Structure formats: structure tokens, C-alpha cells
Amino acid sequence: MNKRTAEATGAAGIIAGIALIVLADAAGVSKARVFGAVLVVLGGATLGSGIGFERVPEDSFTRLIQQRGLVFSVVATLILVLPVVIALGSAAAGLGASSSRAWILVGLLIALLMLAGVLFCLFIAVRSMIGAVRRPLETSEASRLGEEAT
Amino acid sequence: MIPTREILWNISLAGRVAIYVLLALPVGFLAYGLARRIRTWQRGQPVHRFDHLGSRIWGTITKSILHGRIVRRGNIYGGVMHVNLFWGFVLLFIGTIIVMVQDDIAGPFFGINFYSGNFYLGYKLVMNVAGLALIVGVLMAFYKRLVTGSPWKETSADDLILLGFLLVLCVQGFMLQALRLSVTRDPWSAWSFVSSPMAFTLRSAPSPWVKVIHQATWWSHFGLTFVFLAYVAYSKMIHGFTSLANVFFRRLAPKGRLDSIANIDEAETFGLGKLEDFSWQQLLSADACMHCGRCLEFCPTFNTGKPLHPRDVILEIAGFMADSGDIFSGEVGEGQNSARFRSGAGPDRELIGGVVSQAEIWDCTTCGACMEMCPVAIEHVPILVGMRQNLVLERSEFPREVTPVFTNLERVGSPWQYPPAQRADWTKKLDQPVREMADVAAAGEEVEILFFVGCLGSFDPRNQRTVAALARILQAASINFAILGKEETCNGDPAKRIGNEYLAQMMAQQTIETLNAYSIKKIVTACPHCFNTIKNEYPQLGGHYDVIHHSELIPQLLKEGRIRIDPHSDFAAGEVTFHDPCYLARYNGITEDPREVLQQLPGLQLKEMRRSHKHTFCCGGGGGRMFMEETRGTRINRTRLAEAQETGAGTLAAACPFCMTMFDDAVQGAEAGDSMRVLDIAEMVVGAMIVEGIGDG
């Protein structure tokens, strides 16, 4: 199979897979979904590898990520932390009324830790994307014991 | 009530369809990235790595999957961190597959619901443990990278983004579970011990709200998982594939062997001057690097402030491959060192000079510390020597100090200008004569063992004392041995490791012809470089011998009672530290024999240096470095001497003439002769040995 054929086969596999999944679910034949999924996966792999082996990629996607990284990150942050924020709000409301205060406090603590973790990761990622600085490597203590070679 | 849960609870039909329909995207991106990489590996030279499949599979399981090369002495924190990351991730992935199998195969086709009862409870417990392990692993990694740090660790955005991905995905997973449990209130929710407490916090929220949040979280989790999968092939996460592949396709030859260039007379190119000169497996290995920096821990050049950092050489090559193969990978940002973080400085560079500097290439001592430590079995030394071969044989570019070495090797068969006739002069110091093979053969006799003296032992006055000591031991043990004398030439090790493969093969062939002419079967040598070359490299050229290093032979003789130690001798008494020569300990795994010898010497207290055994620190003399000026950083031999002095020992014991020479220089340079003596183990044994009728002449 040459590479052009591989790409065409891959694309056809994806389309056939999607059609099978949609039609099967519409008809209530859930058994067919897995076959559609297999077709989609194989089609995606064939198409991806076909293009990968053949074509030179565009760098516009790379540039887009570099230029809009901060915007993407802020949007992602809002979406990602939403459930944890809701959990915190709910916990605050529940603490006054519920009889399971101890459990709520434990859950609150876990949620807080997770919120901190998520925010920390996103902060780090954004900071890194904006401009990570290459730090010079320090040599070991042993090197200071040696005589300068030069 | 049987414990179970509704798969894809609260998710609409659109979600069920979308999860499979959109699967084409991450799979496509992943396949695309892998294909780009495979395309670059295909540029390499063919090499057969599908032999010994059993060993390869077993090695991959033990070294990588079971973390045999990752959880190691000195890397317990890093090892445990990686175990958490790896197994947490793998178990969660398997867990996802289990759910898919239940929902799409077992249920619809066979009417089986295995996702219930005790299996379900166990599954929930394991998934919570796995998620927690992954979070712990990520936090340990953050702590290591951002708080404690280490001299050999540096952090790129890629590292942090990946850790962020893993943490956020885990948190989302637990949140999804908590949101569901807060509505369904499963009586068995305690088995989900991480998310269950969070479910309590959500109980006060109105259920419709929670369901909406659950849906939003599910979609973002699903989207983020797909983005993560798509990102894998363009980040260092690719090592999940490449490191396993590299360990599987690793070289199975003896560690100390540098492969010879086959049919060198007909070769048109030499060494590694461009990516196409590498083998495909070497190119794969560059992509297997996970940037951990373990290779730097014992590296003599990194630890003495030289430009060569083995990891960076590999990343420079990987970055160049990415540029040449049009692979978008690595750093998102500005101002990065392109090679280090793989983003593009462009493919229009020369490998040597443009990607890897000559300083990096020539600073290597070939000690193998990088290869010993590398968790993914990358072989740095053959790559650096390959680039040396290209410089020497194609461009005639090498440090000027090496010119006389090559000339002398060609003319007189040793790196120095001594005539071959002087090779056996050291034997004149002995009372008993040492026979040369020519005389033995002329008399129609054979010997039990050939003593391959080596060039330093033959000509260097300091090392002559070592070989004389070994000869005395052999004589005391009544071993029938001989030397080659003026017929001995350099075995080719320095030429080979400096990159002059042509000359190295010439020297090796000459030695093999001589050894075969005398039907030599067994060889002893006091030089780990001779030992390694004859044992591990000569078989490639048709020389097959039983080679033994004197540090292996001496304990054997002691055990057999063929030599005896005077229990009242105080020659070796006191605190002694032993320096493991790289070519003995790391390349050939000989670490205990020399210590066994030392421990039998009366009054000797062995003090270990902080870097010892296979984790020894180079003396700076290997890889032809003994013949080159050390112009960058601090002196390696001084650094090692300082480590020996840290132990408080008054004697530095060695078992290698290169190390002896380097340490003698270091002791003189540091004016430490009064506080530290440098002795070979053979000298120490002779000094304490009961001698019957044998002495100095």
C-alpha cells in the first residue's frame, strides 16, 4: 500500500467508523458501536502515520500555540477549576446544616489541595510557556576540589 | 444490592458518540508524531536487533517495566517517584480499558456484567490507589524539580506541562467520581476512598447543579485526555514508547566492546559525521532520552566543569533529528537553547561543529559512567567515539598532542617512542628471569599463561614496578608463564578510543597474529584496558582467548595457597582506599576481587570512597585522554584524589597503569606525596607476601 492510498484508506476508515457509530446509536444497536470505534481508531492511526511519513508539516499550528498560549491557559484554568470551586461552595453551604461535618471537612481539605494543585500546575505551565529560562547547570562539589586545568 | 455503577452516568448519547468519533483526533496526532520519528530513525544504517528475543523481552520487563534500572542505589527518591508515575498511569489506563470492554464488548455481545460485586469494589480501590499514586508521583517530581533540585537536573516547560497534565487529569478523575457519588450516594462509596469524602462536600449542592457540573467536568476531562494523548508524541512523554523500544533493541554485546568497522579497507565513510551515519537504533536512542540527567551524576567531565555533558549531547542530536525530520516537538516559548530542548535551530547545520562541539567530543574519557547510569540504556560512548572516528579518519582533525601517539603506534607499536627491544627491560630487575615466548617456542615448550604486559608496564618506570610485582607473584606461585617481549605491541585500545579505528585494527591484527602463532590460550594482564580489549574486542577480529586480570588471578592464587601472605607484615597496614578502574569495574563488573585481595593483607582497613564499585569516578586517563592536554574545567585526577583524601586513607590502591599514572601526577601536583601513597594491589601483595628465595635484583 503506497502512502497516498494509506491516507485515503485512513480517511475512509474514519468516515465509515463515524457513520457506523452514529447510525448504530440512532438505531439503538449498541453492539455496532465498538466496530465503529475500531474503524475510527485504525483510520486515525493510518491517516496520521500516512501523513507523518509523507508530508512536511505546516508550522502555523505551532505558531498559534506559541502566540495564544496564555489565552488558552486562562480559558483552560476556568474550565478545569470550576468543579472544584463548586465543591468548595457546596461544602461551605453544607457545613452549617449537614450531620456529616467530619466527612465534609475531609472532602473540603482534599478539594482545597486539588484546587491548589491544579492552579499551581497551570501557573507553572503558563509561566513556562511565557518564557522559560535555561538555568546554567551547577557542577558538583567535587569539581571545586580539583585544580583548574587551564 | 450488588455493587456496581452505571457506565457513562449522566452522559448523553452525544457524549457516548463523541468519545469514539473524536478518538480519531488523538490517535491521528499520535500516529503522525510517531511516524515522523520513525521516518527519522529510518535514515540510520541497518543493524540487526531482532536476535535473542527472549533476552530482549526479559530485559525490557526487568529493566524498564519493573524499574530495575530506575530504582537503584542513589536514586531511591527518583525511582519511587517514577514507580508512582508509571504504575499510576498504567493502572488508570488499564482501568479505562476495562470499562470500555464491559460497556462495548462484554455487556452487548455476551450479556456479562463483570463490572460488579467484589470485582467492582476491588477495581474502585485499585483505581483510587493508582490515582493517588500518580498524584504523589507528580508532587514528588514537582518537589524535586522546583524545590530541592539537583546539579544534574534542569527543567523545561515540557517537563512542567506534562506533570501539570497528569495532575489535572487525576484531579478531574477524582472530581468526576465525587460528583457522581454525591448524587447516587452509593452505599459502597467508601471503596473510592479519595473521592468519597469530596462527595460529602457536594451533597449540599442541588443535584441538578451537580449534574451540570459533572457533565462539564466530563467533557473537559475527555477533551484534556485527548489533548494529552495528542501531545505525547511531541513531548518527552514519547519516552514511554522510545525508552521501552530502546531497552528492547539495546546492544547485547559485552559492555566494554566498541564495535569494529567491518571491512574497513573497503569503507567509504568512517564514523558518525551526519545523521545517516548512525544506526537506526542509535537514532532511536536519542529520542529515548527522558532528560533525567542520571548520566551526569558520575560523569567526570560534567563534574569537573567541562563542556561535555552526555545528556546534552544526546539531546543535541535529538533536537537536530527533530529539526531535520520536521517534527514539532519541545519547548513552547522563546530564548531556549534549541538543541537542549529540541526546538528548532534549523536542519542546516553540520552534526560535528554545528550540533555537537569538538570540545564535547574530545573531552570524553570513555569511562562509561553515563551508560552505566542511563535508565533507558542509551550508549553515549560509542556515539562520541563514532564522531571521533569521523574527525580522525575523514577530516584528519584531532588534538595535536595525539599526532605523536599515532606516529609512534605505527612505527614502534607503542604510544611512546621507545624501541620494541626495550620492552622486556623491566625483567632485568627481577632475580628470576622471565622467559619470552620466542624462546619458549624455540625450545618446543608451552606455557600455562601468557603475561601481556602492556605499554605502560613495559616502559613507564612507575608501572614497571607493578608488572615486576605481578611477575614475582607468578613466580612465587610457580606458574609457568612467559611474556611476548619485543614482539608485544599496543593492543590498539588508545587508537580505537581516540577514533583511529584503522590503526586500532592494524594493531589488533598484529597482536592476534602473534598470539595465534604461539597458540596462546590464556592471558593475564595488569592493565584493564588491555584486558578489556583482548577479552571483549578481539573476538570480533578472530582472537579468542581466556583473559584474566591480575586482580582476579591474585585472589585465586591466595585461595589455592599458591602464594601466602606474611601475617606479621605491616607493609599494607593502615587505612587504604581502593579506586575501581572504569574498564575493570564498569565495563567488566570486577569489583569484589581486588577488595578480596586487600582484605587479606594484615592490618589493612579498607575505606570506601563515596563513588566506588560500578559507580566509580574516572581517573581521567581513559579514551586516549592520558595523551591529551586537559585544558577545560578542573582536573579529573585531582578531583578523584580529593575524594580519596576525604576518606582519610594514607594509601590509594589501584589496579590499572593508567590510573596509577594519573594519580601519581595528581599526588605530585597537589604535593600530597607525604600523606598519600599510590600503589597497585600487586605491589601491596608482594610487599606482604612470604617470599622464598625471590627478591629484587
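Student: Are B:D159 and B:R145 buried or exposed?

Tutor: This is a predicted model, and in it both B:D159 and B:R145 are buried.

Student: What do B:D159 and B:R145 form?

Tutor: A salt bridge, with the closest N and O atoms 3.6 Å apart. B:D159 belongs to helix α6 (residues 157–184) of chain B and B:R145 to helix α5 of chain B, so the pair ties together parts that are 14 residues apart in sequence.

Student: How many salt bridges are there over all chains?

Tutor: The search of the whole structure gives 39. One of them joins the side chains of B:E372 and B:K255, at 3.0 Å from N to O.

Student: Where do B:E372 and B:K255 lie?

Tutor: B:E372 is in helix α15 (residues 369–373) of chain B, while B:K255 is in the loop between α9 (239–248) and α10 (280–288) of chain B, so this bridge ties together parts that are 117 residues apart in sequence.

Student: Why does B:E372 count as buried?

Tutor: Because its relative accessibility is 9%, and buried means under 20%.

Student: Which residue meets B:K607 in a salt bridge?

Tutor: B:E575, at 3.8 Å from N to O. B:E575 sits in strand β5 (residues 574–578) of chain B and B:K607 in the loop between β6 (604–606) and α27 (636–646) of chain B, so the two tie together parts that are 32 residues apart in sequence. B:E575 is partly exposed at 28% relative accessible area, and B:K607 counts as partly exposed at 30%.

Student: Which residues are linked in a network of salt bridges?

Tutor: A:D25, A:R33, B:R16, B:D103 and B:D104.

Student: New topic, helices. At what angle do α4 and α5 of chain B pack?

Tutor: Two packed helices are described by the angle between their axes and the distance between those axes. For helix α4 (residues 76–110) and helix α5 (residues 117–148) of chain B, the angle is about 145° and the axes are 7 Å apart. α4(B) passes α5(B) in a left-handed crossing.

Student: Which residues make the nonpolar surface patch?

Tutor: A:F35, B:F93, B:I97, B:M100, B:V101, B:I105, B:F109, B:F110 and B:I112, with about 800 Å² between them. α4(B) supplies the largest share, seven residues. B:F109 is placed in helix α4 of chain B and is partly exposed, with a relative accessible area of 31%.

Student: Backbone next. What is the phi of B:L8?

Tutor: Most residues other than glycine have a negative phi. B:L8 is not a glycine, yet its phi is positive, about 60°. B:L8 lies in the segment before α1 (13–21) of chain B and is buried, with a relative accessible area of 16%.

Student: And what about B:S478, what is its phi?

Tutor: Positive too, about 55°, and B:S478 is not a glycine. B:S478 lies in the loop between α20 (461–476) and β2 (481–483) of chain B. B:S478 is exposed, with a relative accessible area of 60%.

Student: Last one. How many helices and strands are there in chain B?

Tutor: There are 29 helices and eight strands. Of the 697 residues in chain B, 64% are buried. The C-alpha atoms of chain B fill a box of roughly 100 × 60 × 50 Å along the principal axes.

Technical notes: Residues numbered from 1 in each chain as written. Chains lettered and ligands numbered in written order. Predicted model: local features only at pLDDT ≥ 70, side-chain atom pairs only at ≥ 80, totals over all residues. Heavy atoms only, no water. Axes fitted to C-alpha atoms, helices over the stretch in contact; angles between N-to-C directions. Helix = DSSP H or I, 4+ residues; strand = E, 2+ residues; numbered from the N terminus. Left-handed = near helix turned anticlockwise from the far one by under 90°. Patch = residues over 30% accessible without salt bridge, like charges linked within 9 Å, V, L, I, M, F, W, Y side chains within 5 Å. Areas by Shrake-Rupley, 256 points an atom, 1.4 Å probe, with all protein chains shown as cover. Salt bridge = Lys/Arg side-chain N within 4 Å of Asp/Glu carboxyl O. Buried < 20%, exposed > 50% of the residue type's maximum accessible area, 1.4 Å probe, protein only.
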